[in-house]
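This report describes selected local features of one protein chain.

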Amino acid sequence: MKTTKHNTLLIGLTVALGLTLAACAQPVAPAQPAQPAAPVTPTEAPSAPAEAKVLVVGLPKADTRTLDPHRQYEITPPQIMRAAYETLVTLPDKGATIDRVEPLLAESYTISDDALVYTFKLRSDVKFASGNPMTAEDVVFSFKRMGALQDNPAWLYNDHVASIEAPDASTVKITLKEPNAAFLSMLVSPNFAVVDSKVVKEQGGTDADDAKDTDKATDWLDNNSAGTGPYTIKEWKRGEQVVIERNPNYWRGPVPFDRIIFREIPDDAARQQALERGDIDIAVGLDVDAIKRLEGNPDLQIIVGNTLDMTYLALTMNAELSQPLADKRVRQAIKLAVDYDGIINGLLGGMALHLPTIIPLGLLGTDPALAPKRDVAQAKALLKEAGYENGFELTMVYPGERKMSNVILADTLVAKLQEDFAEVGIKLNVEPRDASTWRADYRAGKLAATIADWTPDFLDPHGWAPAFAVEGASAAKRVYYVNKEAEALALDVAKITDSAKRAEMYRKLQEIMLDDAAFIGLIQPKVQIVASAKLKDVIYNPVYFLDYYFMSQ
């Protein structure tokens with residue numbers, strides 16, 4: 001089991017990989033003229049071609065919208081992105097350690113004393129799958145394209161980077177708009193994937209300011225890849241599977257599997273049976289009962305990890321969508337109506353934590369003691385005070401037939417909330433929708449109440465705070481969240497390099513957001529992955545899930 005304890009950031013840290021390049025220039029004897037080869041006499045029957053080593057991963061229903069690394073922002077793609085693309089920096093110990101970062105495509109990096117300028121020296125031995133060498137221009141193109149596309153992850157670049165340049169072929173210099181203590185951690189995100197600029201441009205890609213309208217590479221990137229990762233994307237059949245294959249030009253050497261297939265098997269029982277039959281090697285997202293049935297099977301191993309994912313309840317502050325929810329007292333009543341213990345221990349068998357609001361436990365400034373507890377009497381009192389003593393009706397739109405945080409069916413969770421709300425007099429009408437329609441409506445701020453997931457972009461509270469607390473930001477706009485004190489805290493804390501001060505500010509932010517009750521933390525799940533006992537180094541990571549470079553058999 002891995003920990004999710006996040007410590008201070010590594011401002012000013014310079015990490016060198018300590019590469020030693022030993023130049024050998026011994027005289028070479030002239031080559032001898034080639035002699036005609038004697039005819040080969042077969043002495044035995046030709047051996048059959050070696051059987052391809054294939055790893056099959058069974059997934060629940062995937063939420064993949066695209067496999068373009070600069071556009072993807074859903075839960076399923078990061079592990080595929082991690083296999084096909086790489087970033088300047090990464091997490092050490094095969095991804096098992098998350099309290100610091102170290103170079104990957106970069107050989108070393110430096111950070112200016114004022115935390116404004118980040119300079120990376122690139123490795124000289126990295127090639128893309130195409131065989132093209134990686135240069136600083138590829139990094140500049142990649143980061144600028146992500147920002148210019150203006151898709152969901154664009155804020156990671158646009159909100160923070162003032163300029164990026166390549167002083168020479170092996171150096172990248174990034175100047176931030178303002179000091180940001182979390183920027184190094186951000187670069188671990190798969191969205192900061194470095195792509196082969198030559199190949200992507202050939203496929204219609206661009207990093208120009210008008211890329212949002214003119215970039216045409218996404219269709220190609222959905223079924224191919226242009227990265228430096230150990231595997232390359234070969235096929236994506238929506239709703240069925242993604243196939244990746246060994247990258248013959250991988251700079252860190254051969255990987256053990258010729259092909260990896262990510263197969264969608266939405267039904268838990270079917271996925272469990274496929275694992276037991278050996279049809280798949282890894283099963284992701286099995287429910288608690290299925291995990292219990294597989295415990296003790298000597299052919300299998302169960303990997304447990306603390307995620308930084310969360311499933312939360314989102315309540316609008318917009319009176320046009322819900323007059324009752326516009327009243328903070330009503331939202332606070334709902335916060336007190338939820339039976340958190342019943343969800344975590346009753347439905348999930350204890351395989352989750354109860355996070356207070358929008359920053360997962362384990363990160364800087366979080367405290368499990370802040371998590372709200374159920375208080376039906378107090379909830380009823382608040383409703384009475386707000387003028388809803390006799391209750392009211394509320395409609396919750398949610399992604400039907402989907403597993404929230406890969407651990408609990410949305411239908412199951414919503415049914416539980418329906419029971420909880422009824423106890424305080426709120427009739428919860430439920431409207432399941434297909435995931436894409438639900439997501440579009442939620443992101444457009446059209447829903448009064450819903451449940452939603454959030455996965456980490458990087459391992460710092462800054463990955464959550466501005467998105468949820470700043471008016472108009474990606475998550476805040478979905479519920480019309482406005483609180484200027486919270487907004488100021490979320491923005492100012494990133495400029496602080498003192499970790500104790502940062503922790504204090506993040507705690508204050510959570511207290512404010514708990515009081516506003518627009519976002520209510522429900523579960524921070526523990527992940528359980530069941531894999532063949534023959535597999536080695538199946539290591540869970542909260543950013544990119546599994547790193548298939550390290551996995552072997």
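## Residues with positive phi

Phe-545 counts as buried because its relative accessibility is 15%, where buried means under 20% relative accessible area, exposed over 50% and partly exposed in between, with a 1.4 Å probe and protein chains only. The model is a predicted one, in which local features need pLDDT of at least 70 and side-chain atom pairs count only at pLDDT 80 or more, while totals for chains, interfaces and linings use all residues. Residues are numbered from 1 along each chain as its sequence is written, and side-chain values use heavy atoms, with hydrogens and water left out.

Phe-545 lies in strand S22 (residues 545-546); helices (H or I, at least four residues) and strands (E, at least two) are DSSP runs numbered from the N terminus. The phi of Phe-545 is near 70 degrees, a positive value in a residue other than glycine. Most residues other than glycine have a negative phi. Tyr-480, also not a glycine, has a positive phi of about 60 degrees. Tyr-480 is located in the loop between helix H16 (476-479) and H17, and is partly exposed, with a relative accessible area of 35%.

At the start of H17, a side-chain oxygen of Asn-483 comes to within 3.0 Å of the backbone nitrogen of Glu-485. The buried residues in H17 are Ala-486, Glu-487, Leu-489 and Ala-490. These residues cover an arc of only 165 degrees around the axis, which puts them on the same side of H17; the arc is that of the directions from the helix axis to the C-beta atoms. The cover over the buried residues of H17 includes helix H15 (465-469) and H18.

Helix H17 (residues 484-492) and helix H18 (residues 499-516) pack at an angle of about 155 degrees, with their axes 9 Å apart. Axes are lines fitted to C-alpha atoms, for helices over the stretch in contact, and angles run from 0 to 180 degrees between N-to-C directions. H17 is therefore roughly antiparallel to H18; angles under 35 degrees count as roughly parallel, over 145 as roughly antiparallel, 65 to 115 as roughly perpendicular and the rest as oblique. On the H17 side the contact is made by Glu-485, Ala-486, Leu-489, Ala-490 and Asp-492, and on the H18 side by Met-505, Lys-508, Leu-509 and Ile-512, contact meaning heavy atoms within 4.5 Å.

## Two further helix pairs

The axes of helix H10 (residues 328-337) and helix H12 (residues 376-385) come within 8 Å and cross at roughly 165 degrees. This angle makes H10 roughly antiparallel to H12. Residues in the contact include Val-330, Ala-333 and Leu-336 of H10, together with Ala-379, Leu-382 and Leu-383 of H12.

For helix H11 (residues 340-347) and helix H13 (residues 410-422), the axes come within 10 Å and cross at roughly 140 degrees. H11 is therefore oblique to H13. Gly-342, Ile-343 and Leu-347 of H11 meet Thr-412, Leu-413, Lys-416 and Leu-417 of H13.

## The buried face of helix H8

In helix H8 (residues 268-277), the buried residues are Asp-268, Arg-271, Gln-272, Ala-274 and Leu-275. Viewed down the axis of H8, they fall within an arc of 160 degrees, so they line one face of the helix. Among the elements that cover them are strand S1 (54-59), helix H9 (288-294), strand S12 (300-306) and strand S20 (519-532).

At the start of H8, a side-chain oxygen of Asp-267 reaches to within 3.2 Å of the backbone nitrogen of Ala-269. Just after H8, Gly-278 adopts a positive phi of about 90 degrees.

Glu-86 occupies the loop between helix H1 (78-84) and strand S2 (89-90), and is buried, with a relative accessible area of 2%. The side chains of Glu-86 and Thr-228 make a polar contact (2.8 Å), that is, a pair of N or O atoms within 3.5 Å; within protein, one must be able to donate a hydrogen and the other to accept it, and residues adjacent in sequence count only if both atoms are side-chain atoms.

Asp-222 lies in the loop between helix H7 (218-221) and strand S8 (231-237) and counts as buried at 5% relative accessibility. Asp-222 and Thr-66 are 156 residues apart in sequence but 5.9 Å apart in space, C-alpha to C-alpha. Leaving aside neighbours within four places in sequence, Asp-222 is in contact with Thr-66, Leu-67, Asp-68, Ile-233, Trp-236 and Arg-238.
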